[in-house]
Amino acid sequence: MKTVFGLFTNVDNAQRAVVQLFEQGYPQEQMNAIIQESVAKDYLGINKPEINIEKSARIGSRETRGLETLFGGHQSIVITDTGKVFAAGTIASTVAKTAVSRPDGGLMIALKEFDIPENIAESYRNGIISGGVLFWIKTDDIRAGEIIVILDQQKAQHILSLPEMPSLR
């Protein structure tokens, strides 16, 4: 198994990548993402103090796709070095919980604990703070290359492919 990471500085690019991965048959259960709460609210078009989207295929009368599907049903958490974020996906939730428990370094320390090199972990954290989307997906070794191509086509930065994340083996 591999875990493929990419940082999107543009939410629309992240949206296109996630939709394309869904269309290619990648399961939502393998997808993970972290985004600033304010960016997610702006992108989803919801202006409530607290967001908790019911897990469905719709927001109001509009059908959800891509990132909206991933972040549906999640509430924000506060990470010391990143602020209020949404974390979608099993691995992202684990990373976020680890970050919350590390007030001395937050998300950057948590990413390093999951074997992300320090310089890339810093880029990911800074990208999220700047309004980007950190996205990653767990897949078999054979399909990792296909995912890398999709992320690259949609302008992901700092694309990284790692063996199965050590804390989740």
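**Entry 1. Helix H4 and its surroundings**

I began with helix H4 and looked up what its buried residues pack against: strand S2 (31–36), strand S5 (77–79), strand S6 (83–88), helix H5 (106–113) and S7. I note here that the model is a predicted one.

Which residues of H4 (residues 90–100) are buried? I found Ile 91, Ala 92, Val 95, Ala 96, Thr 98 and Ala 99. These residues cover an arc of only 160° around the axis, which puts them on the same side of H4.

I then turned to the face of H4 directed away from its buried side. That face carries the exposed residues Thr 90 and Lys 97.

Ile 91 has its place in helix H4 and is buried, with a relative accessible area of 8%.

**Entry 2. Ala 87 in strand S6**

Ala 87 is found in strand S6. Is Ala 87 buried or exposed? I recorded a relative accessible area of 8%, so Ala 87 is buried.

I listed the contacts of Ala 87, leaving aside its neighbours within four places in sequence. They are Ala 33, Ile 34, Phe 71, His 74, Ala 92, Ser 93 and Ala 96.

**Entry 3. Helix H5**

I moved on to H5, which is among the elements that the buried residues of H4 pack against. In H5 the buried residues are Gly 106, Leu 107, Met 108, Ala 110 and Leu 111. What covers them includes S2, S5, H4, H6 and S7. After H5 comes Asp 115, and I noted that its phi is positive, near 70°.

I asked how many residues of S1 are buried. The count is six of the seven, so S1 is largely enclosed by the rest of the structure.

I looked up the strand partners of S1. Seven bridges join S1 to S7, and the two run antiparallel. Five bridges join S1 to strand S8 (residues 157–163), again with an antiparallel course. I used Val 4 as a reference point: Val 4 stands opposite Ile 137 in S7 and opposite Ser 161 in S8.

**Entry 4. Aromatic rings**

How many aromatic pairs does the structure hold? I found two. Phe 5 and Tyr 124 form a stacked pair, at 6.1 Å centre to centre and with 20° between the planes. This pair links distant parts of the chain, as Phe 5 lies in strand S1 (residues 2–8) and Tyr 124 in helix H6 (residues 118–129), 119 residues apart. Phe 5 is buried, with a relative accessible area of 1%, and Tyr 124 is buried at 0%.

I then examined Phe 5 with Trp 136. Their ring centres are 5.4 Å apart and their planes stand at 25°, so this pair is stacked. Phe 5 lies in strand S1 and Trp 136 in strand S7 (residues 133–139), so the pair ties together parts that are 131 residues apart in sequence. Both Phe 5 and Trp 136 are buried. I concluded that ring pairs link Phe 5, Tyr 124 and Trp 136 into a cluster.

One further ring was noted. Arg 143 lies over the face of Tyr 26, at 3.9 Å from the ring centre.

**Entry 5. The chain as a whole**

The secondary structure comes to seven helices and eight strands. The chain has 169 residues, and buried residues make up 51% of them. I looked up the contacts between residues at least 6 apart in sequence, and 69% of these join residues at least 24 apart. The accessible surface comes to about 7900 Å², of which 48% belongs to carbon and sulfur atoms.

How values were computed: Residues are numbered from 1 along each chain as its sequence is written. This is a predicted model: local features need pLDDT of at least 70, side-chain atom pairs count only at pLDDT 80 or more; totals for chains, interfaces and linings use all residues. Side-chain values use heavy atoms; hydrogens and water are left out. Rings of Phe, Tyr and Trp (its six-membered ring) pair if their centres lie within 6.5 Å; planes under 30 degrees apart count as stacked, over 60 as edge-to-face and the rest as tilted. Helices (H or I, at least four residues) and strands (E, at least two) are DSSP runs, numbered from the N terminus. Buried means under 20% relative accessible area, exposed over 50%, partly exposed in between (1.4 Å probe, protein chains only). A charge sits over a ring if NZ of Lys or CZ of Arg is within 6 Å of the ring centre and within 35 degrees of the ring normal. The arc is that of the directions from the helix axis to the C-beta atoms. Contact means heavy atoms within 4.5 Å. Accessible areas come from the Shrake-Rupley method with a 1.4 Å probe; for residues, only the protein chains shown count as cover. Two strands pair if DSSP finds at least two bridges between them.
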